[in-house]
Amino acid sequence: MKHRLFCIGSYAGCVMMDFVSVAFSILVSYKVYRVLELGEHAFYSQWKIIPASLTVSLFVVFVLFLSGAYRNESSLLNVSEIKRVVKGISLAFLLLSAMLVLTKIELSRYVLFFSYIGSLSLVVIERSIQYNIIPLTKLAEGWNRRILIYGAGELGTALFREISNSPRLGILPVGFIDDAPDKAGVVHRANGFSNAPKAISVLGAGKDIGKLIRQYRIDEICVAISNIEKKTCVEILERLKKENVKVSFVPNLYEVFVQKVKICHIGQIPIVEEDDAQPGRVYFAVKRSSDILLAAMLTILLSPVFLIVSAAIKLDSRGPVFFKHQRVGINGRLFEMYKFRSMTAESNPYAVNPTKEDDPRITPIGRVLRKTSMDELPQLYNVFKGDMSFVGPRPEMPFIVDTYSEIHRERLKVLPGITGLWQLSGDRQKAIHENMDYDLYYIRNRSFFLDLAVLIETLLFAFKGI
């Protein structure tokens, strides 16, 4: 009951915060428009602009609702939720633009454009706070559903990782249960973008369930055991029934259908099948055109930054300004990837990448470049050439690709990117290709609005390189 109330309160709060964010963006945009004296200098009294901002905000929230932005779901890093927000706000302001043309309402296009940019930024920031910070506060923690994960193997730890990346669900993993004696007390750590609980341990075995439920005030037990036999499953279910606790199961399809499935029914029998729908030609045309346009704009706008960084690198240490590295692109094609040099000229270019800030190979200016991700700026040239896109899996070196398994080679089916879900996750503890959750999710769910959502979140949150 308390979890349901938490969900209702979260839904209402989400709608209200979106409404306030859009209204505030419109009012600020009008102030900016007046200060900069743009356009025809149209003046609106506050008795007009305030009701107009509230009306527009109500309309945007309604479109967000139709776009599914208020579904009580949680995807990897909540990126699908952010995608629906970006899609809903973009559609709402596109419809508003059409209304201005068709009805000749006297509202400046500058105000509308600034309002769109402001609304998009504020709502994404506000949603990210709702998804990743508020659910982890002490106040919200009491409303969370406390669960034990039965099974500390690959499936159970994958479930823990996904829950940790999605605090908005209001689920608090307390610990694992596992019948294997060698797993008693083993600690498993969560990775990802949020400040979710860093680790939980194996608290006991199946025989300890009753004690653990009472000791940790458990609301639910989720069974996540790979290759579980029917007999074992029935035994576990019978044991849990006696404890008067909610039970759920993770189907053992994680390795087969890692990210995208659809469920249909034949009569009363549920059928789970892989949803392998691919984006069409329009998506690829829009993506390539957007890449070229954005790369051109950024190259022009950031040209002073290029000059300053180049001078700083030359003054900081001897060696070239740019660093060329052979990487593997789409369909296994080799290409030269460009970066600002952030390590000493003597460093082996194909050694393991630095994972700590105090790595002696990193130069003083290189440390700043890597921390702000500015070392990646020369890859705008790779985007122009068509070797890379703005959004996609990070490209890797040939000798690493040679060790790829079949599932890892899925990464080579799309253009590599400057940024992607791996960068948003902040998960640097494993090699790039070992973070297949992020890459497979992107590959199987890519769309124009997902790319836009990743770009926006990168600009707002992802300056945390090393």
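This is a predicted model: local features need pLDDT of at least 70, side-chain atom pairs count only at pLDDT 80 or more; totals for chains, interfaces and linings use all residues.
**Entry 1**

I count two strands as paired if DSSP finds at least two bridges between them. Helices (H or I, at least four residues) and strands (E, at least two) are DSSP runs that I number from the N terminus. Residue numbers start from 1 along each chain as its sequence is written, and side-chain values use heavy atoms, with hydrogens and water left out.

**Entry 2: the whole chain**

I listed the secondary structure of the protein chain and got 16 helices and twelve strands. Of its 466 residues, 46% are buried (under 20% relative accessible area; exposed is over 50%, partly exposed in between; 1.4 Å probe, protein chains only). I then took contacts (heavy atoms within 4.5 Å) between residues at least 6 apart in sequence, and found that 73% of them join residues at least 24 apart. The chain exposes about 24,600 Å², with carbon and sulfur atoms supplying 63% of that area (Shrake-Rupley method, 1.4 Å probe; for residues, only the protein chains shown count as cover).

**Entry 3: the six-stranded sheet**

I traced an open sheet of six strands, ordered E3-E4-E2-E1-E5-E6, with mixed pairing. Strand E3 (187–189) and strand E6 (246–249) are its edges, each pairing on one side only. From one strand to the next the twist averages 30 degrees (axes are lines fitted to C-alpha atoms, for helices over the stretch in contact, and angles run from 0 to 180 degrees between N-to-C directions).

Strand E5 (residues 220–223) pairs with E6 in the parallel sense over four bridges. Glu220 has Lys246 of E6 as its bridge partner, and Ile221 has Val247 of E6.

**Entry 4: helices on the sheet**

Which strands does helix H6 touch? I find that H6 (residues 154–164) packs on the sheet against strand E1 (145–150), strand E2 (171–177), E3, strand E4 (199–204) and E5. The direction of H6 makes about 160 degrees with that of E2.

I looked at helix H8 (residues 230–241) next; it lies across E1, E5 and E6 and runs at about 160 degrees to E6. E5, H8 and E6 make a right-handed β-α-β unit (with the strands pointing away from the viewer, the path from the first strand over the helix to the second runs clockwise).

**Entry 5: helix H15**

I went through helix H15 (residues 436–445) for cover, and ten of its ten residues are buried. The buried residues include Asp437, Asp439 and Arg444.

**Entry 6: aromatic rings**

I counted nine aromatic pairs (rings of Phe, Tyr and Trp, its six-membered ring, with centres within 6.5 Å; planes under 30 degrees apart are stacked, over 60 edge-to-face, the rest tilted). One of them, Phe306 with Phe340, is tilted, at 5.5 Å centre to centre and 55 degrees between the planes. Phe306 lies in helix H10 (residues 303–316) and Phe340 in strand E10 (residues 334–340), so this pair ties together parts 34 residues apart in sequence. Phe306 is buried because its relative accessibility is 18%; Phe340, at 1%, also counts as buried.

Why is the pair of Phe322 and Phe340 stacked? Their planes stand at 20 degrees, with ring centres 5.4 Å apart, so I log the pair as stacked. Phe322 lies in strand E9 (residues 322–328) and Phe340 in E10, so the pair ties together parts 18 residues apart in sequence. Phe322 is partly exposed, at 39% relative accessible area. I record Phe306, Phe322 and Phe340 as one aromatic cluster.
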